[in-house]
Amino acid sequence: MGLTYNETLKAVQIILNGNNVPNIVGNAGIGKSALVQELANKCHAKLFTTVVSLSEKGDLSIPVPPLTSDSFIQTEQYGKLADVQYGYSHTLIEIITYAQSHPNDDIYWFLDEFNRGSQAVQSELMNVVLQRQVNSLKLPRQVKIIIAENPDSTMSGFERSNYSVSDSDDAIKDRTTRIIMDTNTDEWLKWADSAEIHPMIINYLGNNPDMLIQSHSEDLHPTPRAWHRVSDNLKQLEKENLVHTKLTENIIAGDLGVLVAHDFIAFLNKNRLTLNLDDFLNDSDIDLKKIVLIV
C-alpha cells in the first residue's frame, strides 16, 4: 500500500537523516519532483536535478586528452603514455563548487526518472549511488542522493504498468530504500484550495475523487499534474471569454484524454450557471465578470 504525499515527504526525510538513499516510486504526474523541491526548501538544502531519462552515456563525465606536456609519461619499453583526465558535467561541477563555498549546507542531488534511462546511463550512475564516486572524484559528504522511478510491471501492485522503463540493477535495489508514493484526493484537494486551483476542478474532484488519476488504455489520462494544467488553461479561457467555445473541450482533452474531458465539460455545463446564480443571490458584492455561461 502506497503512502500519501505528506507521508512520503516524512519518509524521505527520515531515510536521508539515516544516511540512506530513498527511491520514490510512483506514477508520472503525482508530484514526486514537487515533493523533493518542497523537502529541499523545508530542510534549507540546495537542490540539483538530473533527469536520467534525458541523459546520454558520457554526460556525467567524459575523457579529455592531456592539456600540458606534464600529462605525458615517456617509458623506455612502451613508448609515450598519456594520463587521460575526465571532464565532468556542468551539474556535477555546480555541486562541487557549491559544496566548497557552503561546506555546512546540505545538498540534494535528485536523479529523476532513474529507470527510464538506458542501461548504459544507469550503469554510469551506479558509482554515484553505490560508492558516492564518479571515476576518481568523490562526492562531498553533505551531498544526499534521492532517486525517483516510474513503476514497472515487475513491481508488486503495478503488474499492469506500461511505462517504458529499464529494469534497475539488483545492486541499486539492494542499496536504496523503495517508497511507494500514491495519490490521496482529500490531501490533494486541501493543497489545491491553497494553490488556487480552479474552484470547478475542486468541486468536480470532490464529487468524483476517483478522477484525480486514472489509468486506462487511452493515450492520455488525468494525473494531479494534468489537473493543474487544466486549471491554468480554464482560467485563461475564462479571461478571454472562450469557455463556451469548442476550444474548451479540445484543450482539456489534451490534458485529461477525451473520455474524462467530456465528463468534466458536462459537469461544467450542468453546474457552473447554478453555482454562479446562487452566489449572485447570496452575495451583493459578487463580481459579475466571473459569471460565464456555457451553451
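Ala, Val, Leu, Ile, Met, Phe, Trp, Tyr, Cys and Pro count as nonpolar here, Asp, Glu, Lys and Arg as charged, and the others, Gly among them, as polar. This is a predicted model, with local features needing pLDDT of at least 70 and side-chain atom pairs pLDDT 80 or more, while totals for chains, interfaces and linings use all residues. Numbering starts from 1 along each chain as its sequence is written, and side-chain values use heavy atoms, leaving out hydrogens and water.

**View 1. The second largest pocket holds about 650 Å³ of space.** Gly29, Ile30, Gly31, Lys32 and Ala34 are the closest to its centre among 28 lining residues (1 Å grid, 1.4 Å probe, open, protein on both sides within 12 Å along at least five of seven lines; lining means an atom within 4 Å of a point; points join across faces, edges and corners, and probe spheres on them fill the volume). Helices H1 (5-17), H2 (32-42), H6 (185-194) and H8 (224-239), plus strand E10 (143-149), each give two or more residues to this lining (DSSP runs numbered from the N terminus: helices H or I, at least four residues; strands E, at least two). By class, you'll find ten nonpolar, eight polar and ten charged residues there.

**View 2. Five parallel strands make an open sheet, in the order E2-E7-E10-E1-E11.** E2 (46-51) and E11 (176-180) sit at the edges with a single partner strand each, so one side of each has no neighbour in the sheet (pairing takes at least two DSSP bridges).

**View 3. E2 pairs with E7 (residues 107-112) over six bridges, in the parallel sense.** Look for Thr50 opposite Leu111 in E7. H2 lies across E1 (21-25), E2, E7 and E10, running at about 175° to E7 (contact: heavy atoms within 4.5 Å).

**View 4. Trp188 and Trp191 form a tilted pair, with ring centres 5.6 Å apart and planes at 50°.** The whole structure has six aromatic pairs (Phe, Tyr or six-membered Trp rings, centres within 6.5 Å; under 30 degrees stacked, over 60 edge-to-face, the rest tilted). Trp188 and Trp191 are about one helical turn apart because three residues separate their positions in H6.

Key
Axes fitted to C-alpha atoms, helices over the stretch in contact; angles between N-to-C directions.
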